[in-house]
Amino acid sequence: MPELPEVEVVKQSLEKYILNKNILKIIIKNKKLRFPVPRNLSNKLSFLKIIRIKRISKYIVIEFYKEFFLLIHLGMSGTLHLIKNSNSLKNTNLSFYHSKNFPKKHNHIFFYFKNFSIIFNDPRRFGFVKLIKGKKNIHNYFIKLGPDPFGKKLNLNYIKKYFYNKKKNIKNSLIDQSFISGIGNIYASEILNYSRINPLKASGKITEKEISKIILHTRNVLKYAIYKGGSSISNFQTVKGNKGSYQNEFRAYNREKEKCKNKSCRGTIIKLNISNRSTYMCNICQKK
């Protein structure tokens with residue numbers, strides 16, 4: 001499932017192509033996604049200008065003129081593809097499968113612009129789109145999410161208050177979207193390895209020094225992952241079909257039995273199962 005860096009990369013890709021452009025029409029081929037696609041999508045948005053594109057947690061939020069907001073969540077396997085009108089869908093390398101044949105059966109929504117189209121493709125159909133009218137309603141939709149990792153609200157006092165007396169392990173706290181929005185399984189392992197914190201340690205026992213490390217490495221890891229275009233360990237790609245490369249920089253995730261990369265550490269990365277999720281940690285520098 002795409003996490004914050006991957007969604008940010010897609011958001012930045014979309015900004016280059018659709019910001020300040022008018023959508024001409026929308027065709028829905030399959031409305032049966034995680035939530036049914038709104039039938040009136042094309043009627044509401046056709047010929048409206050896109051004035052802003054944001055990432056909120058793992059969501060892409062496209063703001064149109066007249067306070068219409070289109071939410072896109074990629075789910076587990078959703079991807080967006082840019083196809084120029086001159087291209088044939090039978091001969092493109094932008095597909096989910098990176099093959100010459102575009103997988104038509106998984107193309108659920110077509111967004112048409114003047115010279116190109118954006119296609120929402122999702123084999124597992126865990127992704128979804130929602131249409132929300134009004135700034136108050138869009139605010140209320142996200143009100144239960146925790147602060148963004150890059151925002152000022154994520155600070156020492158906020159985390160200390162949240163962690164107070166909590167028995168939940170730090171790994172599960174990091175992926176709790178009501179605590180911090182946008183971090184998932186991959187980057188939680190990375191952040192904790194950089195911070196040299198055991199993922200099983202109770203959140204209530206995390207020290208102020210460790211909290212400072214978590215804040216620092218959360219921002220550094222996510223920022224570097226965005227710079228590298230995200231992690232393409234399964235199907236992630238930009239709207240132009242480019243893959244991310246942060247998976248080549250992993251310090252812990254998916255590196256079981258390999259040497260820990262932390263300075264002066266002779267440990268080995270081991271794999272744990274925490275709440276049915278694969279978690280990676282060093283058996284020495286993260287042991288405590």
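The model is predicted. It holds 15 aromatic pairs. Helix α7 spans residues 208-227, and M1, M76 and F126 form a nonpolar patch on the surface.

**Aromatic pairs**

- Among the 15 aromatic pairs is the one formed by Y59 and Y141, with ring centres 6.1 Å apart.
- The planes of Y59 and Y141 stand at 90°, so this pair is edge-to-face.
- The pair joins distant parts of the chain: Y59 lies in strand β3 (residues 59-64) and Y141 in helix α3 (residues 135-141), 82 residues apart.
- Y59 is buried, at 16% relative accessible area, whereas Y141 is partly exposed at 31%.
- Y158 and F179 also pair, with centres 5.9 Å apart and planes at 10°, so the rings are stacked.
- This second pair again links distant parts of the chain, 21 residues apart: Y158 belongs to helix α4, and F179 to the loop between α5 and α6.
- Y158 is partly exposed, with a relative accessibility of 24%.
- F179 has a relative accessible area of 1%, so this residue counts as buried, the cut-off being under 20%.
- Ring pairs also build a cluster from F35, Y59, F128, Y141 and F142.

**Helix α7**

- Helix α7 has 20 residues.
- From first C-alpha to last, α7 reaches 29 Å, close to the 28 Å expected at 1.5 Å a residue.
- Its buried residues are E210, I211, I214, I215, H217, T218, V221, L222, A225 and I226.
- Cover for the buried residues of α7 includes α1 (4-18), α4, α5 and α6 (185-195).
- Just after α7, G229 adopts a positive phi of about 85°.

**Nonpolar surface patch**

- M1, M76 and F126 together have about 290 Å² of accessible area in their patch.
- F126 sits in the loop between β7 (116-121) and β8 (128-133).
- With a relative accessible area of 44%, F126 is partly exposed.

**Loop residue N165**

- N165 lies in the loop that runs between α4 (156-163) and α5 (170-174).
- N165 is exposed, because its relative accessible area is 60% and the cut-off is over 50%.

Terms used: Residues numbered from 1 in each chain as written. Predicted model: local features only at pLDDT ≥ 70, side-chain atom pairs only at ≥ 80, totals over all residues. Heavy atoms only, no water. Helix = DSSP H or I, 4+ residues; strand = E, 2+ residues; numbered from the N terminus. Buried < 20%, exposed > 50% of the residue type's maximum accessible area, 1.4 Å probe, protein only. Expected span 1.5 Å × (residues − 1). Contact = heavy atoms within 4.5 Å. Patch = residues over 30% accessible without salt bridge, like charges linked within 9 Å, V, L, I, M, F, W, Y side chains within 5 Å. Areas by Shrake-Rupley, 256 points an atom, 1.4 Å probe, with all protein chains shown as cover. Salt bridge = Lys/Arg side-chain N within 4 Å of Asp/Glu carboxyl O. Phe/Tyr/Trp six-rings, centres within 6.5 Å; stacked < 30°, edge-to-face > 60°.
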